[in-house]
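Please read the sequence and the model side by side, and follow the paragraphs below from strand to strand and then from helix to helix.

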Amino acid sequence: MDTKEILKKVRKIEIKTRRLSDHIFSGEYHSSFKGRGMTFSEVKQYQFGDDIRSIDWNVTARYNEPYVKVFEEERELTMMLMVDISGSGNFGTKEQFKRETLTEIAATMAFSAIQNNDKVGLLLFSDEVELYIPPKKGKSHVLRIIREMIEFEPKSHKTNINTALKYMSNVLRKKAIVFILSDFMDDGYEQTLKIVANKHDVTGIRIYDQFDEALPKIGLVPMVDAESGQTTLVNTSSKKVRNQYQQQFLHWKHNFENAFKKSGAGVLSSRVEENYVKKLLTYFKQRG
């Protein structure tokens, strides 16, 4: 893809996602995430109606009367977008590929963050960390993030969510809002996710295609594994084959939901052709 074509795509995504974030998400994003980053400001004497959970027992003991800690909302938050760019993202049987939908959602989140003057960073991963852009503010930074999501060519086609989570945990010292965008066709990340979600505000956004879910009955079909590159002749007329395929999809789905819910992280799933805007809004409202 040449530079002109890339810039055209960036502009197209900017127009679509900017409008969404300006009119819809900025308020919802603000109420969902602002106030979750709190810093200690001072102590003051306890007054009726103060939250007793905020009592500073050391100061209370020293002065022999109750004092409470006062917290201030952090003016600035950091959003980290972890986007899966493995081979399975280059699959789609409707209007667009999974990777294109993930890019649109990530761009919408990024514009919502800069509306609130927050920093945004990007981590692109396959079975290794392919690219890391440290969090920064500003529109030109967000446009760079979108450009990378569109044009970046991964070295590997495989997936390893665990590796990406470990890397992110090491580079992000301060509490951040973390969105992990993937089809989550992977295992073995549960333990690291728990550690990351303990420190950061984590949400998993799972995008899948209708043919990830179930195989159509269309006879013998040569199928290419997007991650290994191997081509296999699959008999889609076989009920057993279709059941095995569906069981694998359900395994990944349940694994994703259980891992995120157990670690206290948020979950959101959307099929490529579904309206992800509605789903994101519902998710933000439930959190708000």
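Strand β6 (residues 177-182) and strand β7 run parallel and are joined by 6 bridges, where helices (H or I, at least four residues) and strands (E, at least two) are DSSP runs numbered from the N terminus, and where two strands pair if DSSP finds at least two bridges between them. One of the positions to look for is leucine 181, whose bridge partner in β7 is isoleucine 205. This is a predicted model, in which local features need pLDDT of at least 70 and side-chain atom pairs count only at pLDDT 80 or more, while totals for chains, interfaces and linings use all residues. Residues are numbered from 1 along each chain as its sequence is written, and side-chain values use heavy atoms, with hydrogens and water left out.

Strand β6 also pairs with β3, in the parallel sense and over 5 bridges. Within this pairing, methionine 79 has isoleucine 177 of β6 as its bridge partner, and valine 83 has leucine 181 of β6. Strand β3 (residues 78-84) is in turn joined by 7 bridges to strand β4 (residues 119-125), and these two strands run parallel; here the bridge partner of methionine 80 in β4 is glycine 121.

Taken as a whole, the open sheet is formed by 6 strands in the order β5-β4-β3-β6-β7-β10, with mixed pairing. Because β5 (129-136) and β10 stand at the edges, each with a single partner strand, one side of each is left without a neighbour in the sheet. From one strand to the next, the twist averages 15 degrees.

How many residues of strand β7 (residues 201-208) are buried? The count is 8 of the 8, so β7 is largely enclosed by the rest of the structure; buried means under 20% relative accessible area, exposed over 50% and partly exposed in between, with a 1.4 Å probe and protein chains only. Both faces of β7 are covered, with Asp201, Thr203, Ile205 and Ile207 buried on one side and Val202, Gly204, Arg206 and Tyr208 buried on the other. Strand β3 is mostly covered too, with 7 of its 7 residues buried: Thr78, Met80, Met82 and Asp84 lie on one side, and Met79, Leu81 and Val83 on the other.

In the loop between α8 (239-262) and β10 (266-271) lies alanine 265, which counts as buried because its relative accessibility is 10%. Leaving aside neighbours within four places in sequence, alanine 265 is in contact (heavy atoms within 4.5 Å) with Ala197, Val202 and Phe260.

Finally, helix α5 (residues 161-171) and helix α6 (residues 190-199) pack at an angle of about 30 degrees, with their axes 9 Å apart. That makes α5 roughly parallel to α6, since angles under 35 degrees count as roughly parallel, over 145 as roughly antiparallel, 65 to 115 as roughly perpendicular and the rest as oblique. The contact is made by Asn162, Leu165, Lys166, Met168 and Ser169 of α5 together with Thr192, Leu193 and Val196 of α6.

Terms used
Axes fitted to C-alpha atoms, helices over the stretch in contact; angles between N-to-C directions.
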